[in-house]
Amino acid sequence: MKTLIDIICVGEVIIDFIGHELSNIENTKNFQRFLGGSPTNVAVNATRLGLNVALVATGGNDGLGNFIVESLESNKVNTTYFRKSISQPSSVIFVSKSKETPEFIPFRHADCEILEEQFPDELLANAKIFHTTCFALSKEPARTTILNSAKKAKELGLQLSIDINFSEKIWENRKEAFATLEEYLALDPLVKLSDDDCFRLFEETKSDEFIFDYFHNLGVSTVCLTKGKDGVKLSDKKQGIFFQEALQLKEIKDVTGAGDAFWAGFLFAILKNKNFEECITIAQKLASIKLQNIGSLPENRDIVSEII
């Protein structure tokens with residue numbers, strides 16, 4: 001019997017060392033270890049919502065790589081397509097603890113080694129959504145592997161998705177970044193990006209109208225723009241503009257991974273055939289739960305009943 005996969009998450013698996021106190025990295029004395037990487041976070045969050053998720057990613061053949069596998073398996077993420085690099089150690093990022101956009105220092109190694117062999121035909125044939133990130137597309141051989149696999153996924157009828165988590169720290173060649181993104185965006189993925197992502201991508205503040213027009217003109221039907229305390233705005237070519245105010249929270253403990261929680265909630269809602277208003281609401285509720293917790297979503301809570 002074939003196993004149906006709700007979401008294939010493709011890209012960076014990272015060990016996040018997050019500062020223990022609210023401070024910049026320079027003045028942070030202690031860091032706590034967490035499983036991280038945007039598609040990895042989406043995978044873990046989506047399994048918490050009861051979805052069947054496979055992660056296509058690469059870690060090192062080291063202690064951190066073992067920690068990655070153990071963490072993924074404990075969160076019920078399908079690790080069949082995860083591999084350990086023989087030549088490269090696991091990738092790590094040091095992240096400041098912050099209530100706004102965190103500072104980070106990346107040390108990238110094995111996460112870039114995503115190979116064609118990690119995409120057997122049966123994986124793409126039995127899935128619904130193919131999700132990746134700008135980060136994952138920033139280096140070879142992962143870039144070519146992901147683009148080729150995304151094209152196959154599109155041909156097979158999967159819904160594509162991408163988080164435009166661009167950073168010049170990750171992708172210095174901006175011309176190359178735009179060309180690569182255009183190739184992926186031509187496949188009409190669901191697009192998620194934040195105001196901060198837009199500022200880093202375009203090197204200046206752009207209007208929401210400019211951002212939506214830019215992505216629509218490249219072939220994207222649906223663009224979801226998260227604006228922090230200013231809410232969420234979504235533009236769909238057929239259905240127009242949707243806007244929701246940000247949920248008001250008494251306390252924000254840490255913002256790291258909140259965008260990934262938002263998108264896991266959004267994709268969950270898409271799979272449940274919710275309309276865009278409902279998708280945004282469900283996504284915001286999941287992100288708000290994450291904002292009030294450090295690390296992963298809290299255990300021993302019926303999160304699905306809280307967000308639907």
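**Aromatic rings and their surroundings**

Guide: The charged end of R33 sits over the ring of F67, at 3.7 Å from the ring centre. A charge is said to sit over a ring if NZ of Lys or CZ of Arg is within 6 Å of the ring centre and within 35 degrees of the ring normal. K206 likewise lies over a ring face, that of F210, with 4.4 Å to the ring centre.

The model is predicted, so local features need pLDDT of at least 70 and side-chain atom pairs count only at pLDDT 80 or more, whereas totals for chains, interfaces and linings use all residues. Residues are numbered from 1 along each chain as its sequence is written, and side-chain values use heavy atoms, with hydrogens and water left out.

Rings of Phe, Tyr and Trp (its six-membered ring) form a pair if their centres lie within 6.5 Å; planes under 30 degrees apart count as stacked, over 60 as edge-to-face and the rest as tilted. This rule gives 13 aromatic pairs. One of them joins F94 and F107 edge-to-face, with 6.1 Å from centre to centre and 85 degrees between the planes. Because F94 belongs to strand β6 (residues 92-97) and F107 to strand β7 (residues 104-107), the pair ties together parts that are 13 residues apart in sequence. Helices (H or I, at least four residues) and strands (E, at least two) are DSSP runs, numbered from the N terminus. F94 is partly exposed, at 26% relative accessible area, and F107 is partly exposed too, at 40%. Here buried means under 20% relative accessible area, exposed over 50%, and partly exposed in between (1.4 Å probe, protein chains only).

Another edge-to-face pair is F202 with Y214, at 5.1 Å centre to centre and 85 degrees between the planes. F202 lies in helix α6 (residues 195-202) and Y214 in helix α7 (residues 208-217), so this pair links parts that are 12 residues apart in sequence. F202 is buried, with a relative accessibility of 12%. Both residues belong to one aromatic cluster, formed by F178, F202, F210, Y214 and F215.

How are the helices around this cluster arranged? Two packed helices are described by the angle between their axes and the distance between the axes. Axes are lines fitted to C-alpha atoms, for helices over the stretch in contact, and angles run from 0 to 180 degrees between N-to-C directions. The axes of α6 and α7 are 12 Å apart, at an angle of about 70 degrees. These two helices are therefore roughly perpendicular to each other. On the α6 side the contact involves D195, C198, L201 and F202, and on the α7 side D208, F210, I211, Y214 and F215. Contact means heavy atoms within 4.5 Å. Angles under 35 degrees count as roughly parallel, over 145 as roughly antiparallel, 65 to 115 as roughly perpendicular and the rest as oblique.

Helix α5 (residues 174-185) also packs on α6: their axes come within 10 Å and cross at roughly 120 degrees. The arrangement of α5 and α6 is therefore oblique. R174, F178 and L181 of α5 meet R200, L201 and F202 of α6.

F199 is a further residue of helix α6. F199 is partly exposed, at 44% relative accessibility. Not counting residues up to four places away in sequence, F199 touches E204 and T205. The C-alpha atoms of F199 and S87, 112 residues apart along the chain, are separated by 35 Å.

The nonpolar interior gives the wider setting. A nonpolar core is a set of buried Ala, Val, Leu, Ile, Met, Phe, Trp, Tyr and Cys residues joined through side-chain atoms within 4.5 Å. The largest has 47 residues, and those with the most contacts inside it are I7, L72, F266, L286 and I307. Among the residues that L72 touches, beyond those up to four places away in sequence, are L35, V44, L55 and F82. A second, separate core of 42 residues includes V56, I114, L187 and L193.

Some backbone details complete the account. Most residues other than glycine have a negative phi, and most peptide bonds are trans. The peptide bond from E140 to P141 is cis, with omega near 0 degrees, and P141 is placed in the loop between β8 (127-133) and α4 (142-155). N273, although not a glycine, has a positive phi of about 60 degrees. N273 sits in the loop between α8 (258-271) and α9 (276-291), and is exposed, at 70% relative accessible area.
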